[in-house]
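Work through the exercises below with the sequence and the structure at hand. Try each task before reading its solution.

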Amino acid sequence: MRMDFSVLNRKIDRNSPVPLYHQLKQLLMEEISSGELKPDTLLPPEMEICRMLNFSRPTVRQALNAMVLEGYLVRKKGKGTFVSRPKLEANFIQKLESFHQEMSHLGMTPSTEVLRLEIVPGIPGYNERLNLNDNEDLVLLERLCRGDGEPLVYQESYLPASRFAGLVQEDLSAHSLYRTLHERFGTDVVHIHRQIEAVNASHTVANLLKIARSQAICLVENVAYDQLGVPVEYNLSRYRGDRNKFTMDMHVEDIPIEP
């Protein structure tokens, strides 16, 4: 489906001091906000838009480039320029919530595919975060999480095998990891140290998330602690940058007074 830009022509005020590219950008944003211009809609080529609006090509390109930078449009090589899908607003930064809970709150159907669940040799840097010796085995849980069938998050979880070896017998595609730790092992995750970094997707991650290689993703590094303050999970979650945004509320308890 493509948009007919001629319907916008009568809304352009050529006598206005507002630049034409900015008027075009605002009109397109209004169409997107109202739902008239739906996600995945293909825009006509630049020259066709120029013809329909009687605009110069630099004017059209400036409007479209600005919307791409702001995330309203996305360019797909060899296919054209499309309206972006709205980003999923995740509040997991400020509260402990499973992926299934996140998706349910957003009105999406969650699903989890377990790619690997096995005991692996210790990994020095990861073992260190779990307060383990380098030679201690780990349980590796590798998952691909989807919302409405679309891959959104790729996760790797590492847990001490000496404590949780029985996890490899569990169906963690249908059951939450933390609920399983609670019900099977009597372990409650009560605190998570979380770090977020913007990185480029590797070839493997890009293939799993169905994005372009080196596309920006959000790498979320977690260390989860039990009720005794012992680290029980080291987790690396890679969120698609084009489909996720993260929101947090900040509360100022003590406002410093300048001397």
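The exercises go from the whole protein to single elements and side chains.

This is a predicted model, in which local features need pLDDT of at least 70, side-chain atom pairs count only at pLDDT 80 or more, and totals for chains, interfaces and linings use all residues. Residues are numbered from 1 along each chain as its sequence is written, and side-chain values use heavy atoms, with hydrogens and water left out.

**Exercise 1. The whole protein**

Task: State how many helices and strands the protein has, and what share of its residues count as buried.

Solution: Begin with the elements, which are DSSP runs numbered from the N terminus (helices are H or I, at least four residues; strands are E, at least two). The protein has 8 helices and 10 strands. Next, apply the burial cut-offs: buried means under 20% relative accessible area, exposed over 50%, and partly exposed in between (1.4 Å probe, protein chains only). By that rule, 41% of the 259 residues are buried.

**Exercise 2. Helix 1**

Task: Compare the reach of helix 1 with its expected span, then find which of its residues are buried and what covers them.

Solution: The expected span is 1.5 Å times one less than the number of residues. Helix 1 (residues 20–34) has 15 residues, and its reach of 21 Å from first to last C-alpha is close to the 21 Å expected. Its buried residues are Gln23, Leu24, Lys25, Leu27, Leu28, Met29, Glu31 and Ile32. For the spacing of such positions, recall that an α-helix has 3.6 residues a turn, so residues three or four places apart point the same way. The cover over the buried residues of helix 1 includes helix 2 (46–53), helix 3 (57–69) and strand 2 (80–83). Just after helix 1, Gly35 has a positive phi of about 90°.

**Exercise 3. Strand 5 and its partners**

Task: Explain why strand 5 is largely enclosed, and describe its pairing with strand 4 and strand 6.

Solution: Count the buried residues: 9 of the 10 in strand 5 (residues 138–147) are buried, so the rest of the structure largely encloses this strand. For pairing, DSSP must find at least two bridges between two strands. Strand 4 (residues 110–120) runs antiparallel to strand 5, with 10 bridges joining them; Leu117 is opposite Leu141 of strand 5. Strand 6 (residues 150–160) also pairs with strand 5 in the antiparallel sense, over 10 bridges, and Arg143 has Gln155 in strand 6 as its bridge partner. The hairpin of strand 5 and strand 6 has 2 residues between the strands, and Asp148 takes a positive phi near 55° there.

**Exercise 4. Aromatic pairs**

Task: Find how many aromatic pairs the structure has, and classify the pair of Tyr126 and Tyr158.

Solution: Rings of Phe, Tyr and Trp (its six-membered ring) pair if their centres lie within 6.5 Å; planes under 30 degrees apart are stacked, over 60 edge-to-face, and the rest tilted. The search finds 3 aromatic pairs. Tyr126 and Tyr158 lie 4.8 Å centre to centre with 55° between the planes, a tilted pair. Tyr126 belongs to helix 5 (residues 124–129) and Tyr158 to strand 6, 32 residues apart. Tyr158 counts as buried because its relative accessibility is 5%. Tyr126, Tyr158 and Tyr234 form one aromatic cluster. Another pair, Phe164 and Phe185, is edge-to-face, at 5.2 Å centre to centre and 85° between the planes.

Technical notes:
Contact = heavy atoms within 4.5 Å.
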